[in-house]
Amino acid sequence: PGWSVIIDLVGIGFGEVPFQAISEMDDPNGWFECRVVNDRFEGTCAPLQLERVIRTFLLWGKKHQHPR
């Protein structure tokens, strides 16, 4: 059981931005993974780790956003 998050990066300017995959699978209640595959951010996690996946995406996006 857990969550799966998929965010299409095409059209928002992040398709070519590098992302270092994250995989923390040791804790059955705290596992999570994030990666970018085929211009999509993909995150999977334990039921109580959804905020962590979303935060990972938002921090990565903020770090690589273009100044306006």
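How many bridges join E1 to E4, and in which direction do these strands run? In this predicted model, 6 bridges connect E1 with E4, and the two strands run antiparallel. Within this pairing, Ile-6 has Glu-42 in E4 as its bridge partner, and Trp-3 is bridged to Cys-45 of E4. Strands of a sheet pair through backbone hydrogen bonds, in either a parallel or an antiparallel manner.

E4 is also joined to strand E3 (residues 32-37), again by an antiparallel arrangement with 6 bridges. In this second pairing, Val-37 stands opposite Arg-40 in E4. The hairpin formed by E3 and E4 has 2 residues between the strands, and Asn-38 adopts a positive phi near 50° there. Taken together, 4 strands make up an open sheet with antiparallel pairing, in the order E1-E4-E3-E2. E1 and E2 are the edge strands, each pairing on one side only. On average, neighbouring strands of this sheet are turned by 15° against each other, with direction ignored.

Phe-19 is located in the loop between strand E1 (3-8) and strand E2 (22-24), whereas Phe-41 belongs to strand E4 (residues 40-45), so the contact ties together parts that are 22 residues apart in sequence. Both partners fall under the 20% limit for burial: Phe-19 has a relative accessibility of 18% and therefore counts as buried, and Phe-41, at 0%, is likewise buried.

Phe-19 takes part in a further aromatic pair, with Trp-60, which is also edge-to-face; the centre-to-centre distance is 5.3 Å and the angle between the planes is 85°. This pair links distant parts of the chain, since Phe-19 lies in the loop between E1 and E2 and Trp-60 in helix H1 (residues 50-64), 41 residues apart. With a relative accessibility of 7%, Trp-60 counts as buried. Phe-19 thus pairs with a residue of E4 and with a residue of H1.

Methods:
Residues numbered from 1 in each chain as written. Predicted model: local features only at pLDDT ≥ 70, side-chain atom pairs only at ≥ 80, totals over all residues. Heavy atoms only, no water. Buried < 20%, exposed > 50% of the residue type's maximum accessible area, 1.4 Å probe, protein only. Phe/Tyr/Trp six-rings, centres within 6.5 Å; stacked < 30°, edge-to-face > 60°. Pairing = 2+ DSSP bridges. Axes fitted to C-alpha atoms, helices over the stretch in contact; angles between N-to-C directions.
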